[in-house]
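This report goes through a few regions of the structure shown below. It starts with strand pairing, then turns to helix packing and to a sheet.

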Amino acid sequence: MKPIFYTILFVIVIGMSNNVRAQELSYYLPDSIRYNPAVPTPEAVMGHKFGEWHMTHDKLVYYFRALAAASDRVRVEEFGRTYEGRPQLLVVISSAKNQGNIENLRLQHLQLSDPAKSASLNIENMPVVVWMAATIHGNEQSGVGAMVLMAYHLAAAQNARIEEMLDKTIVVMEPCQNPDGMNRFSTWVNMHKSIGTTVSDAAAREFNENWPGARTNHYWFDLNRDWLPAQHIESRNRLVKYHEWKPNVVADQHEMGTNATYFFMPGEPSRTNPITPSINQELTTKFGRYHAAFMNRIQSLYYTKEGFDDFYYGKGSTYPDGNGAVGILFEQASSRGHAQESENGILTYPFTIRNQLATCLSTWQAAYDLRLDLLKMQRDFYQSAIREANASPIKGYVFGDAYDKARNYHFIELLRRHQVEVYELKNSVQAGGINFLPATSYIVPTLQPQYRLVRAIFEKTLGDYYKDSLFYDVTTWTMPLAFGLPYAELRAPINALLGNKIEGMPQMPKGEVIGGVSSYAYIFDYDEYYAPKALYDILNKNMAARVAAQPFEITLSNGSKKQFNRGAIAVMAGSNPAVTHETLKSIAEQSGITIFAVNTGLADSGPDLGGRFFQKVRKPSILLFAGQGTSSYDVGEIWHLLDNRFRIPVTVVDLRDAARANLERYNTIIMANGSYSEIGQALQARLKSWVQNGGTLIAIEEAVSWAIRNNFTDAAFKPDRKDSLQLNVPYAGLESLAGAQQVGGSIFEARLDLTHPLAYGYRNASISLFKNNKLFLKRGNNSAVSPLNYTNNPLQSGYISKQNYEQIKNSSAIHISTQGRGKVISMTESPNFRAFWYGGTKLLMNSIFFGNLIRTSFNNFGEEE
């Protein structure tokens, strides 16, 4: 159908605007529309012309609340708070008539995603739900500016056509998806803006943020990669509202490099997720024609089908594709301040807002015109999901770790956030060579409305799954592998296996102390995910703890016998008044672990509690390097893990200040991924002395390269392959060839020596690691040095070139080097990738707690060389 546009006459400005001062609202808004004077303009509330300054988040909140107070078309809801306590706003805009019946309209709309109800649903007069969101990256603020103007336009515009469109649309807007990052950025650019003159030189401080920049949230995570993992409070809050509305189309506004122009979907055709139905991309293309027409009217440059893709379901523009909606990514060249020179002229903040507003208006227009197509697509999406599930040979997935209730809980929590149906396992089942038991296992049926998302979460992707070898983000994200959970496909009927359905969100398992009060010792296995949290709490309360280097059996205080594995923690009571039953009970409950009381140190088998196989654990005192020369993402992953998840304090030190730091305060230093070019010779010498005096240095990813170059470790990389890949490749194909050699992110199997201290808490030697680099370590001469090594056929899920695959085979993922009395632990992969790689967490935590206990060479019995 040929697009029909309501009359909008934009002020035409050719190319980039040379007027770097703030613009009147007429610069942005349609000039054929009258606006209700009772509805406040942004300037009236914020106190400055729009675009003159970057909004702070508090001004954004004030404006939307003022808008809701003045207009019966607007409702504002605070649906959560960020880590820094800023409100997350949801703005619902529709006609006054719809607002009076908004809850019934929402509930009726949700029936589209219920195959049992949608077939008889009359959609002829149903409004289409349009979700608009911006600034999930805090330093991309043209989108939030467009949200403000779009909301004002919808609230204040007065003509019959607007009213008719509002009757048939419900706009659900999250004007700022990253309030903490937004405020960080607006503070930066405003404090560095020249007021008396215009400075557009790209070298100016205004356009070059200090590390870590404002793209990320409080813990320096990219929230646009967190829609599926949902590890952060902002994402978790957002998903609740998303599924309360289940929109038909999602407009996701971003920014890109200053010298670019404007991008909108569709993206690279060969990189659309194959799970996404083809109708999705057909409608995306139709939307694209509207965007093009609106951008043509204001003579702005744009492009489609290049660079960006719809592959990873964890992004804001692709997650909707797995939930029956059309997700559309918009990327505006960023002014990164108020006015910056670019290859296309001076790029101003107002100009970027104007482009983003144009595509907000085109999205709304297209959604109105394509309303029935969008409603039918969503209804068919869930109905066809049932048909496809019935035809699939896979009837469900069973999963569960018999020794770790917390990881089971967190995985179920993730599934339920996406409205995936989960059941307790009713009867034991053997699948995939694993025996799953009812008390600790769960089933996800494929026959459910979220069938496609279930596939996206559970499936391994290999070979023909990929039509391209280039990827904008990761190539795979198989979640059970990330969580390190045993799981298997079920191909036989599963009805007899389905136990109780898990309704709502699961509850974190509560730990306990078994055996009453003991005056001798308390012991717990180290299997549970939060065992490191419990161990730190114990040490922090001045209790002595010892870790078992060998398995043992001992009689509990209640008379029963209990077998404990390597890594079990014994807390000696004796004369230490800090060790009380009530204190340990509280620690057990909060950490979800089970602690056992014993009245003897004499083991029934294996080592006794007072022998050399029970080694004293030191309380960690941790320094984490940060700043220029390190990756803020990787530093943030570790900071979040220790501070937020395990409640272990970590001192984050900027490399510029490291020379002044008292290293003797710490027994553990972590070097996250980075070049560490800021470390000079003096600090290097101090670090080497610190390690030799007993410190544990943990180097991760590119920090391993730094450690090797500077002789902190005897680890070595495999030699580079010298394959002549570029011979006989035409010029036009060289870029794609080079891109195909990158390791975008795939999952590989490594084998762990379960007797090694870094393996404490692991029962399965098979470890799934996420690799997105080209670091391939040689294996050491024994398992003490190389306890974790890739297998000969390690690829579990994802894409990797043949050349890189040969390199990773049989390489080492961890290398341990003794330097004096200290240790350097090198890890080529992040064990805590994007906070959802639960299966690797203990590799890092064990390095922190037990790194100093590792022996790498052996001379006489009981002595290290």
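Strand 33 (residues 788-797) and strand 34 are paired antiparallel through 2 bridges. Here helices (H or I, at least four residues) and strands (E, at least two) are DSSP runs numbered from the N terminus, and two strands pair if DSSP finds at least two bridges between them. The model is predicted: local features need pLDDT of at least 70, side-chain atom pairs count only at pLDDT 80 or more, and totals for chains, interfaces and linings use all residues. Residues are numbered from 1 along each chain as its sequence is written, and side-chain values use heavy atoms, with hydrogens and water left out.

Asn 789 has Ser 812 in strand 34 as its bridge partner. Ile 816 is bridged to Ile 825 in strand 35. These two strands form a hairpin with 2 residues between them, and Gly 820 in the turn has a positive phi of about 65°.

| Strand pair | Bridges | Sense |
|---|---|---|
| Strand 33 and strand 34 | 2 bridges | antiparallel |
| Strand 13 and strand 16 | 2 bridges | antiparallel |

Next comes a pair of helices. The axes of helix 11 (residues 278-297) and helix 13 (residues 371-391) come within 11 Å and cross at roughly 160°. Axes are lines fitted to C-alpha atoms, for helices over the stretch in contact, and angles run from 0 to 180 degrees between N-to-C directions. Helix 11 and helix 13 are therefore roughly antiparallel, the term for angles over 145 degrees. In helix 11, Ile 279, Asn 280, Leu 283, Lys 286 and Phe 287 meet Asp 373, Leu 374 and Met 377 of helix 13, where contact means heavy atoms within 4.5 Å.

Elsewhere, 5 strands make an open antiparallel sheet in the order 17-12-16-13-18. Strand 17 (487-490) and strand 18 (498-501) are the edge strands, each pairing on one side only. From one strand to the next, the twist averages 35°. Within this sheet's order, strand 13 (residues 423-425) is joined to strand 16 (residues 442-445), and Glu 424 stands opposite Tyr 442 in strand 16. Helix 15 (residues 451-458) lies across strand 12 (396-399), strand 16 and strand 17, at about 45° to strand 12.

Methods: Angles under 35 degrees count as roughly parallel, over 145 as roughly antiparallel, 65 to 115 as roughly perpendicular and the rest as oblique.
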